[in-house]
Amino acid sequence: MAQNINPSVQSQSGTIKQNDDSKKISSDSHAVTKRLHKELMSLMMSPDKSISAFPDGENLFSWIGTIMGPKDSVYETLKFRLSLQFSSSYPYTAPVVKFITPCFHPNVDTKGNICLDILKDKWSALYDVRTILLSIQALLGVPNVDSPLNTIAAEKWQKQDEYKKHVLEMFKEESN
């Protein structure tokens with residue numbers, strides 16, 4: 001049995017659906033932008049000067065963060081730069097965070113990738129940029145040598161004098 005369908009009504013409903021989808025993407029992007037602005041303000045007002053992060057130029061979805069090495073660690077006097085890349089699904093997905101400054105560490109590979117559970121399977125939408133930076137800062141002082149990305153660093157970690165020498169040499173090479 002044939003049905004009479006008005007083709008203009010059909011295409012109008014298709015257009016409406018398409019517009020609904022683009023409105024959803026636009027509102028998602030707006031929500032992420034609003035969240036990132038709020039986090040930026042929170043970081044700027046924070047009294048903690050051992051961490052910071054700002055958008056990289058005009059792109060609010062790409063930030064440069066800095067962390068000071070934690071006190072009483074081989075990294076204590078060092079300052080590290082990191083890149084943070086946010087997707088349009090942030091905060092429901094973790095940003096991609098990498099070291100820009102070379103970092104010799106058991107949980108950081110030679111390309112700056114970081115092995116940290118809160119950036120992977122333990123991510124929560126409750127976390128923010130401040131939480132991420134503080135967690136990475138803490139990881140510097142207390143690495144997980146049982147699950148290393150950099151096996152050489154994990155092996156050297158046991159001999160802190162030798163380890164510190166390697167860290168400082170690597171950092172010195174980068175600053176030249």
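M44 is partly exposed, with a relative accessible area of 43%; here buried means under 20%, exposed over 50% and partly exposed in between, using a 1.4 Å probe and protein chains only. M44 sits in helix α1 (helices are DSSP runs of H or I with at least four residues, strands are E runs of at least two, both numbered from the N terminus). Together with M41, M45 and F54, M44 makes a nonpolar surface patch of about 460 Å². Helix α1 gives the largest share of that patch, three residues. Patch members have over 30% relative accessible area and no salt bridge, with nonpolar side chains (Val, Leu, Ile, Met, Phe, Trp, Tyr) joined within 5 Å and like charges within 9 Å; the areas are Shrake-Rupley values with a 1.4 Å probe.

Bear in mind that this is a predicted model, where local features need pLDDT of at least 70, side-chain atom pairs count only at pLDDT 80 or more, and totals for chains, interfaces and linings use all residues. Residues are numbered from 1 along each chain as its sequence is written, and side-chain values use heavy atoms, leaving out hydrogens and water.

## Salt bridges

There are two salt bridges, each meaning a Lys or Arg side-chain nitrogen within 4 Å of an Asp or Glu carboxyl oxygen. One joins E39 and R35 at 2.6 Å, N to O. Both residues belong to helix α1, four residues apart, about one turn of the helix. E39 is buried at 7% relative accessible area, while R35 is partly exposed at 22%.

E162 and K156 make another salt bridge, with their closest N and O atoms 3.3 Å apart. E162 is partly exposed at 36%, and K156 is partly exposed at 21%.

## The core

The largest nonpolar core has 39 residues, and W63, F99, I114 and I136 touch the most other members. Such a core is a set of buried Ala, Val, Leu, Ile, Met, Phe, Trp, Tyr and Cys residues joined through side-chain atoms within 4.5 Å. Helix α2 brings the largest share, six residues. Counting contacts as heavy atoms within 4.5 Å, and skipping residues up to four places away in sequence, I114 touches residues including L82, F99, I136 and L149.

## Aromatic rings

Phe, Tyr and Trp rings (six-membered ring for Trp) pair if their centres lie within 6.5 Å; planes under 30 degrees apart are stacked, over 60 edge-to-face, the rest tilted. That rule gives ten aromatic pairs. Y75 and F80 are edge-to-face, because their centres are 5.9 Å apart and their planes at 65 degrees. Both Y75 and F80 are buried.
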